[in-house]
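Let's take a walk through this model together, from the overall fold down to single side chains. Keep the 3D view open as you read.

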Amino acid sequence: MHALAASGTRPVMSCLLAAAIVISPLLYWSLIGGAGYHDKQRLVQLGVSVAAGLLVAWVFWRNLRLPHLVSKPVATLLALFFALGLLSSTMAYSSRHALLEWSNLLLLLGVAWLVAMEVNRLGETWLDTLLRVNGLGCVLYVLLAITVYGVMLRTGQQPGASLLIPGFDNHRFFSHTQTVSLPLLALLATRTQDRERKVFWWSITVLWWMLLCVAAGRGTVMGLLAGSGVIVCLWRNRSARHWCLSMWATGLAGLTAYLLLYVLLPVTNGLRPFGFLVTAVERSVDNPTSGRLQLWARALEMVANHPWLGAGPLHFAHEARDLQLGAHPHSWVLQVASEWGLPATLCLAVAVTIGLGALWRARVFLPADDTRDTCTLAAWLVAGVAIVVDGLVSGLIVMPASQLWIAMYLGCAWGWVSLRRGGQPVTLSAVTARGTRVAVLVLVPLLVCALLLGVWPEMRDIQAHEQQANQDSRGTSSVTLRPRILRAGYF
């Protein structure tokens, strides 16, 4: 019996995660009183994490067959990373908030692990299905965004920021998701066999680039450039290079579509250009770091004050509340270093490096003439490097929608590489597995409890929480959104 989920061989986690990705930017109905887009997306993400915890517990309770997906060095480094995070949480100013962040990240890793097992079990067909469902989510969002654009143009209104990128409290939160979704869309187009469908998915990729121009995601562009640059410069494979060039050709087409639809047409109708691209270029010249230097300086101060265990997971949101610039430092390295400590940062950085190295080495398992597999690996590499690079200058790893996309990427890439390596499932023996099983069955309920108890006080009245957070930081009841877990990230 294979370890997929409570429903036997059915891929429960993959289906749940894909559904969450599709609906997250479309949450126009009320899930809880006073919740904005970010908070509703967080509710969905937390629900996925809780479900993952329950499914992981079921897998180990049933002692099901588990494929070897993680190398011993990576498993050891991640175990040390989360052990140090747990120790840091117990010593933090607010252990409740620290344990909330710690448990959420560990459960998200569980989400990726479950998806990887399902891809490993069901193979290429299921991977293509997941890519199509994710693509469907992009199609629905494109339709929504273009509808809003058409209404604004027809009525002669100058749209505000919240209208151009619907379903997100900030246009940057949308571009974070594109760091992952753009290479996956291009991969879907490449793996599609039918010519008409292939053209359709490449067209959606063009429109997705167009929306990236609307949102002006500088970190996303920088990350994707870095990822594709690695492929072009280091991998002397014609198919991989051709895939990268095809993706960037759609990027140029998307820029052209943006200039026509969001700049030329509005100007022709007496309006200012739609979108953030023009202002982003001006801002990049006048203020390249966009206020990040103060956030990075505060993170370095926290590292100097708490070098070994950090101030506690999530605690940048507390330590930097006087800056009124953000509840996270817009850099995953500085975030982990300031909150979890330097040893934990080293463990995570080495684990990420080993993971990317494993992706790179997977090319030796591919037939030289297999274009489809070569392009698939190229997409995993581009997305992986893009996440790491974009995360150095943004809140990519913080926002709920991008966290779901990252979990999907990790699960798909993880499972696909394991599949290509020919990993076979093995049954945990009663002797060697007993300690692991007991540890997991004890840990998972504690993780779920830490997650729910951590967020419940704020969830009872989100609106009052946001007003109080801003009163504490600014002496006023006006709502300034500095998201971390919820829209009002400070505590």
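What percentage of the 491 residues in the chain do buried residues make up? The answer is 55%, where buried means under 20% relative accessible area, exposed over 50%, and partly exposed in between (1.4 Å probe, protein chains only). Before going further, please note that this is a predicted model, in which local features need pLDDT of at least 70 and side-chain atom pairs count only at pLDDT 80 or more, while totals for chains, interfaces and linings use all residues. Residues are numbered from 1 along each chain as its sequence is written, and side-chain values use heavy atoms, with hydrogens and water left out.

The secondary structure consists of 19 helices and two strands; these are DSSP runs numbered from the N terminus, with helices being H or I of at least four residues and strands E of at least two. Of the contacts with a separation of 6 or more, 80% are between residues 24 or more positions apart, a contact being heavy atoms within 4.5 Å.

Now look inside. The largest nonpolar core has 132 residues, and L211 and W380 touch the most other members. Such a core is a set of buried Ala, Val, Leu, Ile, Met, Phe, Trp, Tyr and Cys residues joined through side-chain atoms within 4.5 Å. Helix α5 (residues 124-155) supplies the largest share of this core, 13 residues. Around L211, leaving aside neighbours within four places in sequence, you will find contacts including Y141, F174 and Y262. Y141 and F174 also belong to one aromatic cluster, together with F168 and W208.

The structure holds 18 aromatic pairs; rings of Phe, Tyr and Trp (its six-membered ring) pair if their centres lie within 6.5 Å, with planes under 30 degrees apart counting as stacked, over 60 as edge-to-face and the rest as tilted. Y149 and F274 make an edge-to-face pair, 5.9 Å centre to centre with 80° between the planes. Because Y149 lies in helix α5 and F274 in the loop between α10 (238-268) and α11 (277-286), this pair ties together parts that are 125 residues apart in sequence. Both Y149 and F274 are buried. W235 and W360 form another edge-to-face pair, at 6.0 Å and 80°. Here W235 is buried at 8% relative accessibility, whereas W360 is partly exposed at 23%.

Charged side chains come next. There are twelve salt bridges, each a side-chain nitrogen of Lys or Arg within 4 Å of a carboxyl oxygen of Asp or Glu. R191 meets E124 at 2.3 Å, N to O, which links helix α7 to helix α5 across 67 residues. R191 also forms a salt bridge with D128, with the closest N and O atoms 2.6 Å apart. R191 counts as buried because its relative accessibility is 3%, and D128 because its value is 13%. Elsewhere, R484 and E339 form a salt bridge at 2.8 Å, joining the segment after α19 (462-474) to helix α14 (residues 332-340), 145 residues apart. Both R484 and E339 are buried. Shared partners join E124, D128, R191, R372, D373 and R420 into one salt-bridge network.

Finally, visit T190, found in helix α7 (residues 171-191). At 19% relative accessibility, T190 counts as buried. Leaving out residues up to four places away in sequence, T190 touches K198, W202, W243 and C375.
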